[in-house]
Amino acid sequence: MQVIQRMINGGGIGRRLTAALLTLCLALGLLPAAAQAAPYQQFKASAANATGRGGETVDVTVSLQPNRVPTITVYEGFRAYTLRVQYDPQVLKLKSDGIKDKTDAAHFESDTSVAGTVYVAADTFGIGTDGLITGTSDVFTLTFEVSKDAAPGTTNVVLDEGTYTYSVEPLEIQSYADAQVTIENDAPMAGSVAIDGTPSVGQTLTGKYAYADREGNAAGVSMYQWYAASDASGADKTAIEGATAMTLEPTDALLGKYLFFAVTPVAAGGATTGTAVLSAAVGPVDMARGTTTVGIGRVSGLQGATVDVPVTLTAASANVGSYGMKVAFDPAALEVTGIAGPGGELFDSGYDNEDGWLRAAWADLTGGDKALKVGDKLFTVTFKIKTDAAYGNYALKVADEADLRQFTVTDASAYETVKTLTAGGVEVYAPSTAQPDKEIIYVDVKDAGAASGGAVAKAQIERTKKADGTKSDKVVLTADQAKQTVASIIAAGSKMANIIIPDTKDEVSEVNVTVPKDAGQLIRDAKIGLGIVTDNVKVQIPAASLQDFTDELYFRFVPIKSEAGKQEAKARAEKDAAVKAAAGELGVTVVGRPMTIETNLQGREVTLVMPLKGVTLSQAELANLGIYVEHSDGTKELLHGKLVTYNSGVQGIEFKVNKFSTFTLVKTAGEAHEAYVQGYADGTFRPERTITRAEIAAILARTVTLPATTADIAYGDVASGYWAKNVISSVTTMGLMKGYADGTFGAEKPITRAELASLAAKLMDGTIAGGDAGKGFTDTAGTWAESAIKQVQSAGIIKGYEDGSFRPGKPVTRAEAVAIVNKLLGRSAAAALAAEAAAVSPWQDVPATHWAYGDILEASIAHGYTTSAEGAEQWISGN
């Protein structure tokens, strides 16, 4: 009856007639009993189920089924409908063209203004008769994209608030069947799981793997675990307690063990946790291998002469506990008459003058108490040059340096080191070019701080003519000379003494300067610096770099004067990426004389000045000079210094180093930015790690040069051997940083936002901020750094937070620090982002999407750059 009533209410002659007939039949009882009791179907809206994965699209089709009395097949039909569809927008995203009419309706409208809701209205359907649909029909389809982060399971597409119209008045849809979208999602996977690094105690191992997710879910925070086992099979592997990071630094407890890295991949969405995957083993773990460099000396002599050739430990990462060497020589020209080694310990030697070899071996029997240090002689070989030896050079070298039977050097713990050998030789020269008597010259030791540079003592030069006609200088600063120098420097209130070594005839090819232990002790106790000034280079060693250096100090200076030597230096420079980038299309031009400096004062900051004698360059060209440095440890870099006065009428380039090498001045087309911050050995930058006051001091010392305005301070927490002692002294004397009231510097304390704001304000010095100071923040009024914070706020150097606070006591992260320092230095993060080097991140934990990616590249990659007429910086390249 309900269906019939709706039909009557719907109006229309045919409909009224049908209703009347049905009513009459019922009244007369003409219909069969079963037909009278038969149920009818309600008007129903249905949505079809669908299945999909994250990132895929799914179609949900909606259909309408009109009312129907089954027995007499009477359909009500519909000419129009409205319907609301609801879904979870966090799981399903409706495509922009994702609503499609399937009825060829004359009017089809949809509204998606409410998130997760679609309103649809349509009428006058082309697929019906006279716009009327009388059977079950698909009316529209919704196309959704499944969220990549959707968790596996089901989500509903709900239908409600629908109406249909048969004639004039809309009626409510009586029944709904919702759709269920089933979401399939596979767990993430880890592939190519492996371990990078050397399995040695104290070395950093890094686990690596390739993350993959079928649905494209981003990587979350994966889980890591390191294991140790007795063999490479890993059958008895056990988890290493606390070893749950990507990196591991093996300890003594893991000696002899094999190591495994396991990763359980975790996705940021979807099915989040995958299956743990184990790497292959690395090992067994051994002690870390140090590095050593052994140099065989070069000497010269006449036929029949006897010469001594020293073999010296010229560089080492740790003291040496034993060595063994087999050195080859030419028996046609040389014969060994003796080999002398270190006294007091086990030393053995032998030689064969027929086959042309000698051997020497030594071991420290005290367990390290008498281990050899850098600068110590391993042994000395005495050769007699044969009377019929041909003139020329005879090499002294190890035939196979990789053969431990011919060349072995261990540290004090008896572990083999990574060795480098510098071969030597004996030059036999003719009597006609024999060296004449030595010339003794007395030179001044001057007060570097005095305006006139007055002499405070005398030193003696032993100048000797060499076989090639050039001369060699030997200078030894005796204890008496040092005592006299110290007394005069202290009396004058100065801080530096200079040894002046002239070469007015430009005939000296090498200068050797020695400060014996007793003289060095006097200089250290007086806390004064020492300078060495030649016509080709000036060395200034600050007092801080001499502290705790108790060995005999030596320097050897070799200027490269020949054109052939300069061309060789140029050829090496042209192969360096940083030099090529800085030189641009003009190519590399060597300026002045390259200089090789050897010393046992390694790892301590020293200032060098190289003169620009006979150099005619514009001020712009002078400003773009670089120093190509070839370090003795095999590393290379391009430095940039500042123009200073070398001596009367001659300019020089001043720069700082802490290891010694060959230095070549090169002319560059553009400019260069040096990296002032480094990453970690495991390939990470750790941008969210807090940065300490010592690390900030190191950055400032590398990037800022200001005159000293404050006396140095001996901080209670900065020991003489502390890695950052020199840079802390530098920023203290420049007045950029100071310590705390308790006499400490707080070297290992994270620097706060207030402290960095104070530093920034000092560096700005009114040159960056224009106009008035900033308005300040809600939490800075009355704080000690309020003025500085307002200044950096006005300049846009450091910003506050959205809540209006500055948080002055909050520690600064490494990413925040480089972003701030770049602004202070005028270095462009935008240029870094536009550079070719930005295509691949150099740091595995700094993706290109990181907010400070450009700033981190600018700060950590040395690069050449040019500046456009508009002032925009453009990288030439970086490495």
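Residues 1-38 of this predicted model have a pLDDT that stays under 50, and for this stretch the model has 32 contacts beyond four places in sequence. A further stretch with pLDDT below 50 covers residues 766-771, which has 9 contacts in the model beyond near neighbours in sequence. Where pLDDT is low, the predicted coordinates should not be read in detail. For the protein chain as a whole, the mean pLDDT is 83, and 87% of the residues reach 70 or more. Confidence in the chain is lowest in helix α1 (residues 2-9), with a mean of 32, whereas strand β21 (residues 258-264) has the highest value, at 96.

A search of the whole structure finds 6 cavities of 30 Å³ or more, and the table sets out the two that are described here.

| Cavity | Volume | Lining residues by class |
|---|---|---|
| Largest | about 80 Å³ | 7 nonpolar, 2 polar, 3 charged |

The lining of the largest cavity consists of Asp 473, Ile 501, Pro 502, Asp 503, Val 508, Val 511, Thr 534, Asp 535, Asn 536, Phe 557, Pro 559 and Met 595. Two strands, β40 (508-515) and β43 (553-559), each supply at least two residues of this lining. The charged residues of the lining number 3, and Asp 473, Asp 503 and Asp 535 are among the residues that line the cavity.

Around the second largest cavity lie Val 515, Gly 520, Ile 523, Arg 524, Leu 530, Leu 546, Phe 549, Asp 551 and Leu 553. Helix α5 (residues 517-526) gives the most to this lining, with 3 residues.

An α-helix has 3.6 residues a turn, so residues three or four places apart point the same way. After α13 comes Gly 796, whose phi is positive, near 75°.

Conventions
Residues are numbered from 1 along each chain as its sequence is written. This is a predicted model: local features need pLDDT of at least 70, side-chain atom pairs count only at pLDDT 80 or more; totals for chains, interfaces and linings use all residues. Side-chain values use heavy atoms; hydrogens and water are left out. On a 1 Å grid over the protein atoms alone, a cavity is a set of points where a 1.4 Å probe fits but cannot get out, and a pocket is an open set with protein on both sides within 12 Å along at least five of seven lines; lining residues have an atom within 4 Å of a point. Grid points are joined across faces, edges and corners, and a volume is the space filled by probe spheres set on the points. Helices (H or I, at least four residues) and strands (E, at least two) are DSSP runs, numbered from the N terminus. Ala, Val, Leu, Ile, Met, Phe, Trp, Tyr, Cys and Pro count as nonpolar, Asp, Glu, Lys and Arg as charged, and the others, Gly among them, as polar. pLDDT is the predictor's confidence in each residue, from 0 to 100. Contact means heavy atoms within 4.5 Å.
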